[in-house]
Amino acid sequence: MKEKTFRRLLIIVMVVCITVTVIHFAYDVYAYWHCSIIYFIAKELWPYGA
Amino acid sequence: MARRKTLVWQIVLILTVIALFLSFNVGLYAALTRRLSNNFSGTSQAKMIDVRRYLPFEEDSDLARVNATLKLSGELPVLDGAAALVPVYASVINAVYPSGSVTYEGGAFSDDNYYGENFAADSKMQYKNTVRGYKAIVDGETDIFFSAAPSEEQKAYADEQGVQLHYEPIGLEAFVFFVNAKNPVNDLTAEQIRGIYGGTYTNWAELGGPDRPINPVTRLAGSGSQSAMEKFMGETPFAKKSPLAFFGASIGYSFRYYMEGIVDNNEVKMLSLNGAAPSPENIRSGAYPAVAQFYAVYREDDPNLNVKALVAWLLSDEGQTLIERSGYVRITS
């Protein structure tokens with residue numbers, strides 16, 4: 001792959017990944033302030049068990 | 001050969017970038033998104049309480065029942081309230097209002113309603129919940145509002161509008177703190193709770209729990225539980241929490257009846273405070289230290305005579321029995 005093509009491809013991949021991550025994060029922030037905290041706490045991960 | 005090496009290196013770099021972002025998003029999904037999905041829509045908010053279970057004049061509803069000597073007629077007060085108090089004021093309507101006082105848009109209750117929008121404009125039962133409900137009583141859309149104490153903003157709105165509200169305490173309730181059922185911590189002191197929200201304690205290990213950050217969850221400003229929490233904190237200011245806390249083990253707050261009687265989710269547990277569980281006995285005796293009154297709120301200038309008659313009935317033995325049978329603690333002995 002030519003250096004120029006590689007750079008373009010890398011930029012496209014990074015833009016897509018960053019966009020997806022930002023949307024994901026924005027969704028979480030919005031959902032956090034609008035969710036039922038009882039269910040939020042109920043679904044918490046507890047790797048240590050009971 | 002050199003060209004091939006470069007190509008491999010380029011592909012590896014691109015795949016590494018994708019893998020890094022992918023693993024970050026998968027981690028975020030496991031820690032947060034999974035817990036929020038299907039949990040924040042308008043429907044889930046409306047389902048803070050399943051109003052259908054508490055519809056007056058329905059034989060199979062879960063309402064408390066008493067043989068009321070008061071039977072209202074004439075101009076019937078419009079009742080509204082917080083989610084946790086729907087079972088109380090729906091039971092009141094069922095006990096003292098004539099049948100036909102509760103009407104629905106489209107003629108029947110719909111499970112698709114958000115915040116009780118399904119109640120018709122002329123219905124004597126409404127469900128706006130705390131934030132919208134306090135505004136509605138100040139604006140004269142409601143006659144009696146059943147709720148926890150108002151927030152400073154809600155009081156200020158009444159003052160701005162020149163409306164004098166009367167807050168009649170009609171029952172007792174415990175303000176409770178809850179954690180995931182797997183959290184080994186079962187009891188905290190009131191000071192430790194203030195320390196958590198004030199930023200003194202940031203890890204459960206400091207309180208006899210596992211080595212995990214504490215995520216102190218707060219509620220929407222103006223909600224009944226947030227106003228109660230602000231009162232509980234007193235002079236202690238809320239600390240700004242670290243972003244990492246979102247990935248820790250949470251603590252939240254609510255009212256006992258909402259946790260126990262309405263949501264009843266066995267994956268969370270209520271904490272004892274100062275060694276006292278939030279049981280009706282401990283609320284009544286005062287052993288549980290975070291007891292809140294709840295109120296029948298009405299405008300002082302409401303000309304409807306049935307308003308004061310109904311509030312007086314709520315304080316009578318019949319009214320208090322109804323409150324007790326609804327799952328709350330009576331305020332008069």
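## Strand β3 of chain B and the A–B contact

Strand β3(B) and strand β7 (residues 268–270) of chain B run antiparallel and are joined by 3 bridges; two strands count as paired if DSSP finds at least two bridges between them. Helices (H or I, at least four residues) and strands (E, at least two) are DSSP runs, numbered from the N terminus. The model is predicted: local features need pLDDT of at least 70, side-chain atom pairs count only at pLDDT 80 or more, and totals for chains, interfaces and linings use all residues. Residues are numbered from 1 along each chain as its sequence is written, while chains are lettered from A and ligands numbered from 1 in the order in which they are written.

In β7(B), Lys269(B) is the bridge partner of Val179(B).

| Partner strand | Bridges | Facing residues |
|---|---|---|
| β9(B), residues 291–299 | 9 bridges | Tyr167(B) and Val297(B) |
| β6(B), residues 249–255 | 5 bridges | Val179(B) and Ile251(B) |
| β10(B), residues 329–330 | 2 bridges | Gly171(B) and Arg330(B) |

Strand β3(B) (residues 165–180) is largely enclosed by the rest of the structure, because 12 of its 16 residues are buried (20 or more other C-beta atoms within 10 Å of a residue's own, with C-beta atoms placed from the backbone).

Between the chains, 29 residues of chain A are in contact with 36 residues of chain B, contact meaning C-beta atoms, placed from the backbone, within 7 Å. On the chain A side, α1 (3–34) and α2 (37–42) each supply at least two residues, and α1(A) gives the most, with 13 residues. This side divides into 21 nonpolar, 5 polar and 3 charged residues; Ala, Val, Leu, Ile, Met, Phe, Trp, Tyr, Cys and Pro count as nonpolar, Asp, Glu, Lys and Arg as charged, and the others, Gly among them, as polar.

Note on methods: Contact = placed C-beta atoms within 7 Å.
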